[in-house]
Amino acid sequence: MKKWIDRLARRVFTVSGFVTSAVILLIIGFLFSEAAGLFRQPIVEEGYVLALNKSNTVDRLSAEEIKLLFDEDITNWRDVGGADMPVRVFRLEDLDRLYTEEELGAEYEHAGDKIAEQVRADRGIIAFVPTVLVEGRTDIHLVPDHTIPVKDVLLGTEWYPTATPSPIFGMVPLLAGTLWVSFFAILIALPFGLAVSIYMAEVAPPGVSRVLKPVIELLGGIPSVVYGFFGLAVIVPLLQQTFRLPVGESGLAGSIVLALMALPTIITVSEDAMRNCPRTMREASLALGATRWQTIYKVVVPYSISGITSGVVLGIGRAIGETMAVLMVTGNAAVIPTSILDPLRTIPATIAAELGEAPAGGAHYQALFLLGVILFFITLIINSCVELVSARNKTKR
Amino acid sequence: MKKLALFLLLSLLAAPVRLAAQRIKGSDTVLPLSQALAEMFMQSRPQATVTVTGGGSGVGISALMDGTTDLAMASRRIKFGEKMKMKQSHHTPCEFVVAYDALAVIVHPSNPVKRLTREQLEGIFRGKITNWKQVGGEDAKIIVYSRETSSGTYEFFKESVLRNKNYMSGVLSMPATGAIIQSVSQTRGAIGYVGLAYLNPMVKALAVSYDGGRHYVAPSVKSAMSGRYPVVRPLYYYYDKANEARVRPFLRFIDTKVARAKTLDLGFIPR
């Protein structure tokens with residue numbers, strides 16, 4: 001009977017182990033397959049095309065150029081490699097303004113002709129129209145579409161995911177924002193976390209640490225939205241007044257909130273690591289005449305360094321992946337931050353804010369998955385660093 | 001034979017229920033209004049059931065194409081592509097304006113600027129005007145707040161005020177209207193936009209001119225109803241023409257006095 005239970009238990013453990021790994025691999029596979037689709041998407045919104053006058057020779061436009069053209073920031077074709085003539089932007093909505101409903105037909109059957117008429121009439125026109133209306137026409141020049149280049153996404157510095165006709169998915173500002181805010185969060189959390197954990201493990205009388213520990217663990221149980229609201233209502237105005245900033249939503253506000261959130265993890269893990277330092281080592285150090293402080297930084301901290309590192313990394317992990325709190329306090333401006341007092345936008349906040357309305361399977365949706373992949377790699381790199389550090393420490397000992 | 005009889009009986013039983021049941025799906029902006037109207041509708045007609053779900057304008061319209069909803073709520077007009085798609089599958093989308101929603105441009109209460117033209121607003125939200133000095137205010141940087149790109153409000157503001165041009169990349173995007181109010185109320189140089197229903201004394205609403213500065217109109221339910229306030233958008237219901245008989249009672253209900261009063265109560269402008 002016992003043997004059977006034994007065998008059964010072993011089976012259950014094996015199966016659950018394999019199932020979990022398989023599910024994780026499937027999730028990663030799903031992430032990658034969705035993300036890779038982005039580079040197969042055309043730069044102009046699906047189902048639409050850009051039409052030019054026959055005499056216009058421009059044959060390739062980047063997403064950036066299309067945006068500038070339609071924002072009327074580029075007003076001459078010369079700037080995008082064409083002839084010297086002014087640009088006129090034409091959208092489908094303009095059709096309703098120029099023609100009556102009868103002229104266009106109840107089912108828009110004449111819309112194609114009318115568009116062609118407009119395009120023929122103006123040499124500098126650029127029209128953003130549905131492909132079905134102008135397909136197969138020879139009297140206008142359709143700009144051949146190309147897929148979104150990898151370079152524009154990974155090195156692009158502008159994030160306009162819903163711009164029409166051509167969305168721009170430059171991910172550098174988001175990546176920079178994420179790294180920037182996490183870096184400062186750790187810079188704030190690390191000294192405080194270490195100080196508190198040393199105090200609790202080494203200095204505090206047992207009574208104090210018995211009270212302090214559950215309080216700090218409680219901090220870890222507060223939902224992140226609460227931290228976010230606290231940040232928006234308290235930290236943001238506070239920063240604004242102290243630094244006389246024009247705007248309080250900034251990377252620093254995000255860093256402080258994240259530091260607060262990472263503290264409990266850092267403190268509990270590193271405190272446990274320090275408590276595991278053998279009593280004999282401590283006593284040996286004191287017996288040699290070292291002071292308490294010397295014992296802490298020459299013996300206890302080096303002994304428990306791998307535990308402390310994993311605590312710190314778990315803290316970083318929380319900071320990088322945190323969504324809600326950051327979404328509320330960093331201002332979410334997609335610009336590359338030049339100082340920590342600037343507003344910035346992080347990857348998780350972007351995914352959370354935009355995935356809800358991004359049409360499934362579209363370029364925007366896939367771009368958000370690609371951001372997920374980037375986030376996955378960041379955490380992967382950090383985790384491998386921990387493995388390396390702790391492995392090195394083990395061999396040294 | 002018995003089976004057939006049972007089937008007939010069941011379908012007879014189900015038929016009146018089916019006629020009265022309606023599904024409404026789509027925009028989150030219209031959602032609170034639809035919910036309130038549906039509740040009132042069901043109270044007045046106990047045999048009717050109306051289920052209302054959100055998900056966004058795009059979700060509602062694609063549900064209409066699949067036939068999984070009877071009415072699609074939308075805070076924007078049906079897109080050309082969506083219309084074509086419906087026509088191809090031999091459905092004719094019909095449009096019904098449920099109510100209007102006005103957007104108010106808001107600033108910090110201490111800001112001396114009281115009014116702006118559309119061109120000035122375009123300049124501010126596109127990053128061409130960066131100091132309040134340039135529009136008659138004090139020497140302070142303009143902090144621009146906007147909604148997230150996924151919101152229908154973001155799209156409408158872009159269409160109406162920015163004439164379809166893009167916002168500058170440095171705008172601060174907030175996840176909700178409440179967050180915009182909170183931020184604008186605590187930032188001296190701030191400017192943002194919210195639905196008329198959300199206006200409160202913590203922020204100051206600006207008068208807006210769409211005719212180059214000849215007439216400025218302050219946002220209010222009255223000015224929006226009379227058509228003088230320009231930043232007003234219609235909120236739509238879409239339904240399939242073949243389905244008209246089924247949705248007609250509910251649409252007719254929206255025109256009743258109680259429904260109009262409720263619409264006004266929720267901060268929307270009745271049709």
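At what angle do the axes of helix 10 of chain A and helix 7 of chain B cross? I looked this up in a predicted model, where local features need pLDDT of at least 70, side-chain atom pairs count only at pLDDT 80 or more, and totals for chains, interfaces and linings use all residues. Residues are numbered from 1 along each chain as its sequence is written, and chains are lettered from A in the order in which they are written.

**Entry 1: two helices, two chains**

I found that helix 10 (residues 224–242) of chain A and helix 7 (residues 177–186) of chain B cross at roughly 30°, their axes coming within 11 Å. Axes here are lines fitted to C-alpha atoms, for helices over the stretch in contact, with angles from 0 to 180 degrees between N-to-C directions. Helices (H or I, at least four residues) and strands (E, at least two) are DSSP runs, numbered from the N terminus. So I noted helix 10 of chain A and helix 7 of chain B as roughly parallel (angles under 35 degrees).

Next I listed who touches whom (contact: heavy atoms within 4.5 Å). Helix 10 of chain A brings A:Leu232, A:Ala233, A:Val236, A:Pro237 and A:Gln240, and helix 7 of chain B brings B:Gln182, B:Ser183 and B:Gln186.

**Entry 2: a sheet in chain A**

I then traced an open, mixed sheet of four strands in chain A, in the order 2-3-1-4. Strands pair if DSSP finds at least two bridges between them. Strand 2 (88–91) and strand 4 (141–142) of chain A are the edges. Strand 1 (residues 48–52) and strand 4 of chain A run antiparallel, joined by two bridges. I spotted A:Leu52 opposite A:His141.

Conventions
Heavy atoms only, no water. Parallel < 35°, antiparallel > 145°, perpendicular 65-115°, else oblique.
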